[in-house]
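Please walk me through this model in the viewer, one selection at a time. I would like to know what to click on next and what is to be found there.

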Amino acid sequence: MTLTSLPHDALYRVLCFLSVREIICLRLVCKDLRDLTFHTAIWHDAYKRAKLPRPLGPLDSQSREFLENTLIKSTQVGVKWNKQALTITSKATWFEPEWSALQGDHWEVVAGLWLVIPHISGPDILCYDLERGLRHVVYHADGAQILSFKSATSEAADGGCIMHAIVMESARSSPSFSHKLLSVRFSSNGPLLESSMVIPGDVIGMGMSQLSAGKRLLCMSDHLTGTLNLAVDTHTRVLYRFPPPSSVIDPNFATTCTQETYLKRLIATETHILAMFTPLTIVSQINEGGNCRAIIQAFTLPSAEHTTTSSPTLQLTHEGHCYLDIERVLLLCDSMTNAVTGQTQIKFLTHCMRLNLTKYFAHRVTLSPPLPGQKLGDISLSTEQLFSVPGYANTMKFTTSFDGHARGICVLHNERDGTEFYGFTIDASSMDKPCSGIVGPGVDIKEVEAKESFPSSLRMTWNVKLAFDGYLGRICYRKRGQAGRNVLAIVDLA
């Protein structure tokens, strides 16, 4: 009996044990096996099992070609990402959009494929397809001008990316202004404005400094008062207020919240919104590592019977203490819930610069159900060191997938010595096993650019703003090209 004489069901079971590279190699064996590897079910299973950073999936709406191409690209990038010094794998290119609309660094690159430029003091938000060179107007403010723009991007539940943006605009004939929440979906068909919602002034407050988007929840804080502000359920478009400041573990919290404590971080996940507060004046609450003792509170959507008002209130469900440098906290793995214990885990990535060394840590925040007689559940924190790099890496960019696999870069900017890159990969996919991280050798970006005959006028400088996509291994940054024109440099690394 030969392999190809086995029933298809048995062959499918065999292919479930193969990696992406092995499935591709199987196509070279014979025509029968080649035809088998084009079945959608094979790539659905491979996508589920892959220990790679990748977009949300597999979904019924995703074709076999999408699943296959995504896995192959991520595998190709991952082969060299942290095993050797990063190099430019595709010839560096640059893109010339209408930068005249730009003020400051109010631009974003979504998924490494779309450049978004809000026209501050103008009416439009522009979007450029970096692959096809197409220009789109994703939003037009009728009879008004855009005054400010703040955005955050998350994965859509049915595939693709969604950019949520808070836009402040004023009518040209009136000094008054208003805020709108825009949701723009990005897919293979391009950008599409899904919704535009006016936010009441009494809900959004005076301004915003933080905007965080999870798979479902979106939240923001007021940068003038440092207080919690607004949350949105992006599935139902319902606005939620935060409850008044209160605490079980710190009875004086409601008073000191406005006097000694201020909000440092606000992070939205699929199931909860985490608010992290740190004291300003209590120096004794700093540990040996230089981190402050922070209060962490978790909020969730209220049950259906408590959402009768036009702007319902979130429910405070968990509270705890931790020592954490919360200015550098970034979401590594979204909510994972244990069906038996009811515990929810959320993982974060932070870095700490000490003694000419930058250390990277994974923080596992565990939300436990309240015990009998308790009003709130407990929040506990465990910390694992992943890796370190020499020098002060003052920039970190990474892309994390829905199951906790991340790929990123740490960037050491130095005005005298230039810019150095380190590629890293993190596996934070398990609730029970420790997180693991690998970092590759560093590379001076000037040496890389010189080998690729990169125009000297477009070479990266130490103070440039970076956009990064880990699925593609792509870095984008703005520079001035010939004749003083602003261009977007696009560099693929591996």
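Select C435 first: this cysteine is buried, with a relative accessible area of 11%. Buried means under 20% relative accessible area, exposed means over 50%, and partly exposed lies in between (1.4 Å probe, protein chains only). The model is predicted, so local features need pLDDT of at least 70 and side-chain atom pairs count only at pLDDT 80 or more, while totals for chains, interfaces and linings use all residues. Residues are numbered from 1 along each chain as its sequence is written, and side-chain values use heavy atoms, with hydrogens and water left out.

Stay on the cysteines. How many disulfides does a search of the whole structure find? The search finds 0, a disulfide being a pair of cysteine sulfur atoms within 2.5 Å. C435 is in no disulfide, and the nearest cysteine sulfur, that of C333, is 7.9 Å away. Then click on C476, which is buried at 1% relative accessibility.

Next, the charged pairs. The structure holds 16 salt bridges, where a salt bridge is a side-chain nitrogen of Lys or Arg within 4 Å of a carboxyl oxygen of Asp or Glu.

Select R237 and E194. Their side chains form a salt bridge, 3.7 Å from N to O. This pair links distant parts of the chain, 43 residues apart: R237 sits in the loop between β12 (228-233) and β13 (238-241), and E194 sits in strand β9 (residues 190-199). Helices (H or I, at least four residues) and strands (E, at least two) are DSSP runs, numbered from the N terminus. R237 is partly exposed at 30% relative accessibility, and E194 is partly exposed with a relative accessible area of 34%.

Move to K215 and E270, a salt bridge whose closest N and O atoms are 4.0 Å apart. K215 is in the loop between β10 (210-213) and β11 (217-221) and E270 is in the loop between β14 (261-268) and β15 (273-279), so the pair ties together parts that are 55 residues apart in sequence. Both ends are partly exposed: K215 has 26% relative accessibility, and E270 has a relative accessible area of 35%. Now select R27, R64, E65 and E68 together, which salt bridges with shared partners join into one network.

Then take R34 and D35, whose side chains meet in a salt bridge at 4.0 Å, N to O. R34 is partly exposed, at 39% relative accessible area, as is D35, at 33%.

Turn to the backbone and select G57 with P58. Is the peptide bond between them cis or trans? The bond from G57 to P58 is cis, with omega near -5 degrees. P58 lies in the loop between α4 (40-49) and α5 (64-81).

Two further stops concern phi. S121, which is not a glycine, has a positive phi near 70 degrees. Find S121 in the loop between β3 (114-118) and β4 (124-129), where this serine is partly exposed, with a relative accessible area of 41%. N356 is not a glycine either, yet its phi is positive, at about 60 degrees. Look for N356 in the loop between β19 (344-354) and β20 (357-367).

End at W94, in strand β1 (residues 88-95). W94 is partly exposed, with a relative accessible area of 42%.
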